[in-house]
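Have a look at the picture before reading on.

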Amino acid sequence: TANASMMRHRVLHLVITPKQRELARIAVLEDSHDLAATLKEAFEGVGFRVELFSAVSALSERAAAAPFDAYLADWWLNGQTAAPALQAIRAAQPSVPMILTTGAIDTGHAVEDEIVRIAVALRIHVIEKPFRLALLISQVRQMMEEAAPKAA
């Protein structure tokens, strides 16, 4: 028999709170308001947190203060390229997934060789516009899985 002097308690209420998984944060640099809104809706619809940027400087400042889990950047934004932001991000986050989107080659705002040089130097995937959202999302997911630290 149990020791009579042992104190007993009756459980009246038990609360189990599952640990919330942090949603992956993606920065989207896109100067087309409609495309940015579409990207935000699509990525949030499959479980990502999305922050939109329309200026290279705004993305650079935010990424320095609170790095993202992945970056999706348009190449040509209001007369300048995304190159400075991409270079700063890659220097700060050597293995973070980055995808560069562009329609600028067709419009003459970008030289293909320049994009190739940046993509190779910084290890950035390039997708031409118009792109398919489902394929873009699956590529981001795959890159994030590959970049994730492996459990021991």
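Predicted model: local features only at pLDDT ≥ 70, side-chain atom pairs only at ≥ 80, totals over all residues.

As for what's tucked away, 36% of the 152 residues in the protein are buried.

## The overall layout

Count up the secondary structure and you get 6 helices and 7 strands. Reading from the N terminus, the elements go β-α-β-α-β-β-β-α-β-α-α-β-α.

## A strand on the inside

Now zoom in on strand 3, which covers residues 70-74. Is it buried or exposed? Here 5 of the 5 residues are buried, so strand 3 is largely enclosed by the rest of the structure.

In a regular strand, side chains alternate between the two faces of the sheet. In strand 3, both faces are covered: A70, L72 and D74 sit on one side, Y71 and A73 on the other, and all of them are buried.

## Its neighbours

Which strands pair with strand 3? One is strand 1 (residues 25-29), which runs parallel to strand 3 and is joined to it over 4 bridges. Strand 6 (residues 98-102) also pairs with strand 3 in the parallel sense, over 4 bridges.

L72 is a handy landmark here: it is the bridge partner of V28, and in strand 6 its bridge partner is I99.

How values were computed
Residues numbered from 1 in each chain as written. Heavy atoms only, no water. Buried < 20%, exposed > 50% of the residue type's maximum accessible area, 1.4 Å probe, protein only. Helix = DSSP H or I, 4+ residues; strand = E, 2+ residues; numbered from the N terminus. Pairing = 2+ DSSP bridges.
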